[in-house]
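Work through the exercises below with the sequence and the structure at hand. Each task is followed by a solution in steps.

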Amino acid sequence: MKDILAGSFFILGGLFSLLAGLGILRMPDSFTRMQAATKAGTLGVGCLILGVAIYFADLGDSTRALLVIGFLFLTAPVAAYIIARAAYHIGVPLWSGTVIDELKDSPDRGIGEDDQIMRGAGGAGAQKASASDHTTPNPEPATGDEPRTPDHDPDDPTDR
Amino acid sequence: MSAFMWNILLAFVWAVTTELFTPTNFVIGFIIGYIVLWFAPSVEGRRAYFLKSWRLVTFLFFFIKELVIANVRMAYYTISPLNRMKPGVIGIPLEDLTDSELVVLSNLITLTPGTLSVFLSQDRKTLYVHFMRVDDPDKLRSEIKGSFERRLLELTR
Amino acid sequence: MTADLTMPVVLLDAIIGMLAFGIAMSAIRLYLGPSLADRVVALDLIATLSVGMIAIYSVKTSMPVLLLVAIVLALIMFLGTIAFALYIQKGAPP
């Protein structure tokens, strides 16, 4: 019984990890890749480790396994947020099929001089970085991403 | 939170009296202590404790549900043709949130359906979120505000 | 540490294969990735999947001690990613 439960969590986790790998290779721009990698990777490995916790069924080992889940679910989204912010900041282009970008026109997009992280680092590097803060992101499309016309069907089942 | 302390104490007493210090037994003791507290009117902060714990449980279930939906949808996007996607970045206005509430909210947004928090404006009033599929920006905005933010604020305030 | 393995080894090998496939895909992305951000995401995914790999391996060899390695890797991975993100944001030091 315990093994069946653990085994099904293993299979689920393996499938999600597979999908994370496929997603990161197949998605067209950095942000969609981040979505695929963060979500599928975190839940996939989370499922695997939950299976391990069920499998060992021992106070110490299961607690350690649950601790790994806790760390993953706390750190993975924070890491994704920081990479996404940095990527947007240096002007990594969005996919040509992107329909709306409210951040581009927003007045508060640059990471300002009073930013916490920048202040912590200090020095000449911080000066140099803040000078180039308010440049607009690169409007040219990605080199590797050929433009596609986003035609979508209205009866898409996953559409909200 | 003294009602919570009482609950821990009751669980501990249960574990001692049954002479079985396994986590399962401790959880059973915790549940029994919870039921006992339900009938103990004199413990202070009891009502708030029950309300909070109920909200915490429903929040956890809501989160797990959203997480599973998110991954099924992500799987769909991964294996279907790319032109099913209509990604976009949308700004979501926020209430006055504390630091920890912001962390929890942006983590939730990142882990749930087709959304990834990208940027928080400097006045902490707007969170820019990358969506996998944007059809109606205003509808998505009100969805995030209505489900995630409302539930989180119910839990913490 | 020689508890009996009650799980079919074929299943565990299949899971390890899936994880290895995921890692291979992210390695290709690490090689291709047009921007630095893509490479960091790929590295992050490789580290995450390695945590899962270690966990499965601890089941396969019946060595739960390996879970400690998984904890350490999960923490170090986060630090590495944050450092890379700051590097992306600020560019190379002068």
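**Exercise 1.** How many salt bridges does the rule find across the interface of chain A and chain C?

*Solution.* The model is predicted, so local features need pLDDT of at least 70, side-chain atom pairs count only at pLDDT 80 or more, and totals for chains, interfaces and linings use all residues. Residues are numbered from 1 along each chain as its sequence is written, chains are lettered from A in the order in which they are written, and side-chain values use heavy atoms, with hydrogens and water left out.

Step 1. Apply the rule: a salt bridge is a side-chain nitrogen of Lys or Arg within 4 Å of a carboxyl oxygen of Asp or Glu.
Step 2. Across this interface the rule finds one salt bridge.
Step 3. R33(A) and D38(C) form a salt bridge, with their closest N and O atoms 2.6 Å apart.

**Exercise 2.** Find which element gives the largest share of the side of chain A that touches chain C.

*Solution.* Step 1. Contact means heavy atoms within 4.5 Å; 54 residues of chain A are in contact with 49 residues of chain C.
Step 2. Helices are DSSP runs (H or I, at least four residues), numbered from the N terminus. Elements giving two or more residues to this side of chain A include α1 (2-26), α2 (30-56) and α3 (59-89).
Step 3. The largest share, 16 residues, comes from α3(A).

**Exercise 3.** State the area buried between chain A and chain C.

*Solution.* Step 1. Buried area is the accessible area (1.4 Å probe) that two parts lose on being put together, summed over both.
Step 2. The value is about 4400 Å², of which carbon and sulfur atoms give 81%.
Step 3. L25(A), Y55(A) and I83(A) supply 13% of the area that chain A buries against chain C, more than any other three residues.
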